[in-house]
Every structure is written in structure tokens, then in C-alpha cells.
Amino acid sequence: MQFGFKIGTKVLFGKGCLIQNKELVAKCGKRALIVTGKNSAKASGALSHVEEILKEYNIDYSIYDRVENNPSLENVAEGGKAAREFKADFIIGIGGGSPLDASKAIAVLAVNDIEPLDLYKNVFENKPLPIVAIPTTAGTGSEVTPYSILTRDDIKTKMSFGNEDTFPKLAFIDATYTESMPYETAVDTAVDALSHAMEGYLSKRSTPVSDVLALEAMKVFSECTNAIIDNNIDFNIREKLLYVSMLGGMVISHTGTTIIHGLGYSLTYFKGIPHGRANGYFMQEYLKFNYEAVGEKINKILELFKVSSIDEFGDIIEKMVKKDLSLSSEEIKNYAALTMKQRSTSYNARQVNEKDLVEILEKTFLMK
């Protein structure tokens, strides 16, 4: 048995954890760039809490609130410029996966005179600025991963970069900040967290430690399924889902993702389908395709969800992410080709080729 394991982020989890540990923020620097989108940081209350702390400790700050959904290279280049001009010495990312992922890119570009495309070299002359991550959704787990997933218009998909220096330094994970999420966002992000745990568990790169985290994440998610489907998401469920998200992030920090993410990226890029929902569309056929390679592990997943078949599991997911989408044969071929270019495709438990991906797409969108 051989494996390595490292989480580069100090995590504080629980209601009020930010205010209760505010001195940790103060130790990060004297000039903070707050990176966020237009709405979630304000609506969640996290931004006002952060501003109170920065003012209390006389820390100068500037707010970059122009992060797009699915941020592009151009978007993070603008954020990097804002950080340099303000002379920021640390970054505070507040929001869902997009602001947190953008924070990592901005932290690199703030101190490295490189083109945004050079982020994918994953080697930087100067270490990125320290990052404080505060999630307002329960899905990406970006607060505990080194990955920054950015939209690449040049190749019409999304791709990630990241190394051990792009882990956030601190993560404050408080379900209070997810209470302002709309129901659909809560569902989509929850399914994203499940996909991280599932793909990491079934990845060629899984380890005994990542498997423990993945199984715990899927077990806790299974306890939340009825509440998610019935739109009965109280604080206890929100906290569980945020815990699942964190665990899923820890899992993929070591395993990466597999073909679910690669396939889902095209639905997001070309069809505007939210990332987690897109992932959910593929779960049933993904499990069927991989059963011959990791059947024992898939049986364990079914056991956790108290179902006797993959189709029963698929019914649960479909109640969360109802499909209202059809694809042409041309689109299916294009999406399969793009997925083959993703590094994560090589991590899939069963070796996959373009024809296999076409069949998965056809079964998902052309057959009932």
C-alpha cells in the first residue's frame, strides 16, 4: 500500500467560525483584495462580516466584484491587474466555485508577470498570494482544492490548473452563508459535490484515504436526498451538504475527476447548463459504463443509497436534475471529441475512447 496525502488548507468549519477566528484573517496581511461576484457575497452576509473584520484590524482592502459565472482567462487577467494596482498582499475569495477558482488565478497573476494562458504551465516564479476562501455554495469544494477551473474560449471548454501553492491558506466554512442560495442552486451544487466524491472514489488515482473521505461524503449525501427532492433544506441539511462539499474537494485534490466532468463541461459551455446539473445528467450511464471495471465499488455506492440497481440510483438523481435537453448527432460527436482532450478522462476506471463517450451521450440524451 503506497500513497501520498496533503491538504494545504487550514479549515474552520461551523456556524460563526469566521467571526470566532477573525484574528487568523488579520495575520494574512495588510492589504486585501476581496474577489467575488456581484451578488452572493453581499446576499449571504459574508462580505459584511469580512469588511467588519478588516476595518477592526485596520487592514486596507479593495473589492473586485466582477467575477463571471464560469470565469474566463480574460476575467482573471483583469482581476490580477486589480490586485497588482492595489498592491494586495493577500486575497479573500467569497462566493461559489467561480469566485473561489478565480481567486487562485488572481493570486498567481498578482505576483507573476505572465500571460493568463501560462497559468496552465503550473510553474510560477513567485508563489501566489495567500488566499482566504469563504464558500457561499455547497458544491465545488474549491475552498480546499488547489484547482482553478477556467473557461477556455480558444478551445471551447473549461480546463483547470493548480499546484500545491494554490491551495487556499484558510477556509471558513459556515452554512449560514449558504442560506441565501436559491433552491435550484442548492440542488445543482449539491449534485456537483456528489460527483466529486463519486468520481474520486471510482478514479484510477483513488487511494485508501481518499476512499474513506469519498464514502463518508456519499453516505452523508444519501441522508439528504429526500430533503433535497422535497425542497425541505433546513440549516441541518445545509450544514451536511457543506460538509459533503468539503469532503468532495479533499477527495478530488488527490484523485482529480473523470469523464463526468469532461462531458459536463460541454453542456455548460455550449448549452449554459449549470455545472453540477450537467454532471448529474451523466451519473447513471457513467456507473453502468464503469461497472465491469469497479463493480464492487459501485455496489458499495448503491448500498449507501439503499437501492438495488443503478437504474434506481438514476431515478433519485433525475428527481433532482430533471433533464429537458436533447442533442443532435453532430453535437454528441463534438462533445465526445472535446472530452477526450481532458486530462481527467485518462483517470477513468475503465479505459475510454471517443466511441464510448458517444454512446454514453446517446444513451443519456437520445434514449429514455
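Helix α10, spanning residues 235–255, has 21 residues and reaches 30 Å from its first C-alpha to its last, close to the 30 Å expected at 1.5 Å a residue, where the expected span is 1.5 Å times one less than the number of residues. The model is a predicted one, in which local features need pLDDT of at least 70 and side-chain atom pairs count only at pLDDT 80 or more, while totals for chains, interfaces and linings use all residues. Residues are numbered from 1 along each chain as its sequence is written, and side-chain values use heavy atoms, with hydrogens and water left out. Helices (H or I, at least four residues) and strands (E, at least two) are DSSP runs, numbered from the N terminus.

**Helix α10 and its ends**

- Helix α10 is mostly covered, since 16 of its 21 residues are buried; buried means under 20% relative accessible area, exposed means over 50%, and partly exposed lies in between (1.4 Å probe, protein chains only).
- Asp-234 caps the N-terminal end of α10, with a side-chain oxygen 3.3 Å from the backbone nitrogen of Asn-236.
- Just after α10, Gly-256 takes a positive phi of about 70°.

- Strand β6 pairs with strand β7 (residues 157–161) in the antiparallel sense over five bridges, pairing being assigned if DSSP finds at least two bridges between two strands.
- Leu-150 has Met-159 in β7 as its bridge partner.
- Four residues lie between β6 and β7 in this hairpin, and Lys-156 in the turn has a positive phi of about 55°.

**Salt bridges**

- The count comes to 18 salt bridges, each defined as a side-chain nitrogen of Lys or Arg within 4 Å of a carboxyl oxygen of Asp or Glu.
- Asp-60 forms a salt bridge with Arg-31, the closest N and O atoms being 3.2 Å apart; Asp-60 lies in strand β3 (residues 60–64) and Arg-31 in strand β2 (residues 31–35), so the pair ties together parts that are 29 residues apart in sequence.
- Asp-60 is partly exposed, with a relative accessible area of 42%, and Arg-31 is also partly exposed, at 28%.
- Lys-297 forms a salt bridge with Asp-211, with the closest N and O atoms 3.0 Å apart; this pair links distant parts of the chain, Lys-297 being in helix α12 (residues 275–304) and Asp-211 in helix α8 (residues 208–222), 86 residues apart.
- Both Lys-297 and Asp-211 are buried.
- Arg-350 forms a salt bridge with Glu-292, the closest N and O atoms being 3.4 Å apart; Arg-350 is in the loop between α14 (329–340) and α15 (354–365), whereas Glu-292 is in helix α12, 58 residues apart.
- Arg-350 counts as partly exposed at 24% relative accessibility, while Glu-292 is exposed, with a relative accessible area of 63%.
- Glu-184, Asp-188 and Arg-277 are linked in a network of salt bridges.

**Asp-192, a buried charge**

- Asp-192, placed in helix α7 (residues 183–201), is buried yet has no salt bridge, and the nearest side chain of opposite charge, Lys-158, is 8.0 Å away; in this charge scheme Lys and Arg count as positive and Asp and Glu as negative, while His and the chain ends are not counted.
- The side chain of Asp-192 makes a polar contact with the side chain of Asn-279 at 3.3 Å, a polar contact being a pair of N or O atoms within 3.5 Å, where within protein one must be able to donate a hydrogen and the other to accept it, and residues adjacent in sequence count only if both atoms are side-chain atoms.
- Leaving aside its neighbours within four places in sequence, Asp-192 is in contact (heavy atoms within 4.5 Å) with Gly-139, Thr-140, His-261, His-275, Gly-276 and Asn-279.
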